[in-house]
Amino acid sequence: CLPAYPVDAPPEDIEKGFKGSEAAAFYEKGNDYLKSGLCELAIGEYNKAAQLAPNYYGVYNKLGYANYYCGRFEEALNYFRRSLILNRGNVDTIIGIANVYMVLEQEPEARHYFEKVVEMDPDNSASYMPLALIYNHKNMFAESKALLKKVLNKYPRYDSAYFLLAQDEE
């Protein structure tokens with residue numbers, strides 16, 4: 001169940017106001033640190049951005065991913081949830097939540113969020129492979145096979161998908 005959208009302005013308007021701001025400069029610096037694998041420094045920059053732009057969902061999404069990469073999964077979930085409260089249509093945040101649940105080996109929760117991504121954005125293939133793995137574990141081979149075929153249509157050289165598809169055929 002996704003939280004309600006609590007802020008007065010739609011996410012697009014908040015994003016427009018964010019661009020070019022001092023908060024955006026901290027955000028971009030955080031992105032640079034995160035790309036370099038310096039998640040602690042990234043978190044520091046994202047926190048500065050969040051102080052200046054507390055209603056910008058993107059900052060909390062990045063804080064979620066930075067904490068995820070640092071192995072702080074509960075904190076990551078909290079930031080992803082905050083991002084989702086501010087913009088419930090952000091598929092990237094929903095994927096982040098699903099990935100955290102996969103790492104925590106909470107497949108039912110991960111499945112719920114990956115299925116939500118497929119429902120919201122059927123062309124976004126980021127959830128297909130992990131969802132196919134979940135279906136495979138639950139002996140839902142027809143569902144797994146359908147997703148794997150979508151993966152291979154988009155990424156024909158994805159060896160892991162062929163491997164899982166071969167397992168489904170057995």
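**Aromatic rings in the predicted model**

Arg82 lies over the face of Tyr60, 4.5 Å from the ring centre; a charge sits over a ring if NZ of Lys or CZ of Arg is within 6 Å of the ring centre and within 35 degrees of the ring normal. This is a predicted model, in which local features need pLDDT of at least 70 and side-chain atom pairs count only at pLDDT 80 or more, while totals for chains, interfaces and linings use all residues. Residues are numbered from 1 along each chain as its sequence is written, and side-chain values use heavy atoms, with hydrogens and water left out.

Rings of Phe, Tyr and Trp (its six-membered ring) pair if their centres lie within 6.5 Å; planes under 30 degrees apart count as stacked, over 60 as edge-to-face and the rest as tilted. By this rule there are 10 aromatic pairs. One of them joins Tyr65 and Tyr69, which is tilted because the centres are 6.2 Å apart and the planes are at 35°. Both residues belong to helix 4 (residues 57-69), and they are separated by about one helical turn because they are 4 residues apart. Helices here are DSSP runs (H or I, at least four residues), numbered from the N terminus.

Tyr69 is exposed, with a relative accessible area of 53%, whereas Tyr65 is buried at 12%; buried means under 20% relative accessible area, exposed over 50%, partly exposed in between (1.4 Å probe, protein chains only). Tyr65 also pairs with Phe80: the centres are 4.9 Å apart and the planes at 80°, so this pair is edge-to-face. It links distant parts of the chain, with Tyr65 in helix 4 and Phe80 in helix 5 (residues 73-86), 15 residues apart. Phe80 is buried, at 0% relative accessibility.

Elsewhere, ring pairs link Phe18, Tyr27, Tyr46, Tyr56 and Tyr57 into a cluster.

Note on methods:
Helices (H or I, at least four residues) and strands (E, at least two) are DSSP runs, numbered from the N terminus.
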